[in-house]
Amino acid sequence: PERIITMSYEFYKIAHLLGIFLLTSGLMGVFFTIWAGTPLQGKVKSASFALHGIGLVIMLVSGFGLLARMGLVGAMPTWVYFKLGLWAFFAIAVSVLKRKGHLGMPLYLLLLAGYFCAAYIGVMKP
């Protein structure tokens, strides 16, 4: 008999929060570097893009793990598609910040709005 290893709901939640932290660290590294007028290069560029990418992967895997723990494996509710859309928004955000980070506060507020929407949907599941 095969033994299947399963992770708890809490494990996936903690992993999801870790992914959010890594994603945010990467985005802020790019954002503040460009906003300050400093070239994005070297260790800052490498670390920022790596944190962003690793965070995205952890968020996606743990998000689907959470769905599985909630029993939502088949047909997914509409709110899940909104969360996937926000995931895509944060995936392309690093490119926007790299090219337009000099715009500063409007982009920062756009990111905050994205985080708010993701948190609202994740908690309320409308």
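1. A pocket, as the word is used here, is an open set of grid points where a probe of 1.4 Å fits, with protein on both sides within 12 Å along at least five of seven lines. In this structure, which is a predicted model, the largest pocket holds about 690 Å³ of space.

2. The protein has four helices and zero strands, and its elements, followed from the N terminus, run α-α-α-α. The C-alpha trace spans about 55 × 35 × 20 Å along its principal axes.

3. Which residues lie closest to the centre of the largest pocket? They are His 16, Leu 66, Lys 83, Ala 118 and Gly 122, and they belong to a lining of 26 residues. The elements that give two or more residues to this lining are α1 (9–35), α2 (42–69), α3 (78–100) and α4 (105–124), and the largest share, seven residues, comes from α3.

4. The next two points concern how helices pack. Two packed helices are described by the angle between their axes and by the distance between those axes. For α1 and α2, the axes come within 7 Å and cross at roughly 155 degrees. Angles over 145 degrees count as roughly antiparallel, and α1 and α2 are therefore roughly antiparallel to each other. Their crossing is left-handed, and the residues of the contact of α1 with α2 divide into 17 nonpolar, 12 polar and two charged.

5. At what angle do α3 and α4 pack? The angle is about 160 degrees, and the axes of α3 and α4 are 10 Å apart, which makes α3 roughly antiparallel to α4. In passing α4, α3 makes a left-handed crossing. On the α3 side, the residues that make the contact include Trp 79, Phe 82, Lys 83, Leu 86, Phe 89 and Phe 90, while those on the α4 side include Leu 107, Leu 110, Tyr 115, Ala 118, Ile 121 and Gly 122. The residues of the contact of α3 with α4 divide into 15 nonpolar, two polar and two charged.

Methods
Residues are numbered from 1 along each chain as its sequence is written. This is a predicted model: local features need pLDDT of at least 70, side-chain atom pairs count only at pLDDT 80 or more; totals for chains, interfaces and linings use all residues. Side-chain values use heavy atoms; hydrogens and water are left out. On a 1 Å grid over the protein atoms alone, a cavity is a set of points where a 1.4 Å probe fits but cannot get out, and a pocket is an open set with protein on both sides within 12 Å along at least five of seven lines; lining residues have an atom within 4 Å of a point. Grid points are joined across faces, edges and corners, and a volume is the space filled by probe spheres set on the points. Axes are lines fitted to C-alpha atoms, for helices over the stretch in contact, and angles run from 0 to 180 degrees between N-to-C directions. Angles under 35 degrees count as roughly parallel, over 145 as roughly antiparallel, 65 to 115 as roughly perpendicular and the rest as oblique. A crossing is left-handed if the near helix is turned anticlockwise from the far one by less than a right angle, and right-handed if clockwise. Contact means heavy atoms within 4.5 Å. Ala, Val, Leu, Ile, Met, Phe, Trp, Tyr, Cys and Pro count as nonpolar, Asp, Glu, Lys and Arg as charged, and the others, Gly among them, as polar.
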